Amino acid sequence: MSLPTAAARPVVAAGDLWRFAAEDRLRQRSSEETRRIVQVTRERILCDNDSTAPSYARGRYVYTRHWNLVSRPALAAPGDLPEDIGQWVWTPYYPHFRFPLAPGKRWRGSARVTNTHTDTTNVHRYEAEVLAPQTVSVPAGTFEVLPVRYEAQVASDDSAAQLAWRNVELIHYAPAVQCFVLAEHQVIGPDGQPSRDSRLQLLEYRRAAA
């Protein structure tokens, strides 16, 4: 099987489902996450995302047709209602992908994420690059992928102080499943210490019934 030299925009449909093994490597915790498409419009992919982790921000996630996040629920404590925690909304979107993907392709810019309920705003100044094609093995099988490396300097305004974070993600996109099969995410906090080190690996991919 030859390695991919390009990847077109994903073709997806309501009912498509991806299930991932999730690892929180800082806290030595494991869970499962599920992404299920409930609607595809001209501009958006709407998903119900869920997890076996109690603290997961489950609910309706909205993506562009390029799998870039537009909005999602905020993290909730047990008993919180949606009106209590608000939504994170990206302007214009979380810029993980820019299809078609091809090795060496780069993009950069800035994006703002806000939660009006908590009066919080984060500004991401990012750079992304498509790396050389690879073959990766995950529990769902072996896949030919185009890795995307995303790095952002994040300025977080908590209404009391300006805080600086560093966000690094490596996302292995597999054309065969129209989504990533492996994603690693590290965040370095304002104190210079890791605040996140996570990994997602594909367990299952199911196309919608014809």
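This section describes the cysteines, the salt bridges and one loop proline of a predicted model.

The structure holds 0 disulfides. C47 takes part in no disulfide, and its nearest cysteine sulfur, that of C179, lies 8.4 Å away. The two sulfur atoms do not form a disulfide because such a pair must lie within 2.5 Å, whereas the distance here is 8.4 Å. C179 is likewise in no disulfide, the sulfur of C47 being the nearest cysteine sulfur. Both side chains are classed as buried: C47 has a relative accessible area of 0%, and C179 has a relative accessible area of 1%.

Charged side chains were considered next. The count of salt bridges comes to 15. Among them is the pair formed by D24 and R27, in which the closest N and O atoms are 3.2 Å apart. D24 is partly exposed, at a relative accessible area of 22%, and R27 is also partly exposed, with a value of 44%.

A further salt bridge joins R25 to D197, with 3.1 Å between the closest N and O atoms. This pair links distant parts of the chain, 172 residues apart: R25 belongs to the loop between strand 1 (17-24) and strand 2 (29-40), while D197 is found in strand 13 (residues 194-206). R25 counts as partly exposed at 25% relative accessibility, and D197 falls in the partly exposed class with a relative accessible area of 21%.

E127 and R108 form another salt bridge, their closest N and O atoms being separated by 3.4 Å. E127 is located in strand 8 (residues 120-130) and R108 in strand 7 (residues 106-115), so this contact ties together parts that are 19 residues apart in sequence.

The remaining site is a proline. P54 is situated in the loop between strand 3 (44-51) and strand 4 (59-64). P54 is classed as exposed because its relative accessible area, 78%, is over the 50% cut-off. The C-alpha atoms of P54 and S31 are separated by 9.4 Å, although these residues stand 23 residues apart along the chain.

Terms used:
Residues numbered from 1 in each chain as written. Predicted model: local features only at pLDDT ≥ 70, side-chain atom pairs only at ≥ 80, totals over all residues. Heavy atoms only, no water. Helix = DSSP H or I, 4+ residues; strand = E, 2+ residues; numbered from the N terminus. Buried < 20%, exposed > 50% of the residue type's maximum accessible area, 1.4 Å probe, protein only. Salt bridge = Lys/Arg side-chain N within 4 Å of Asp/Glu carboxyl O.
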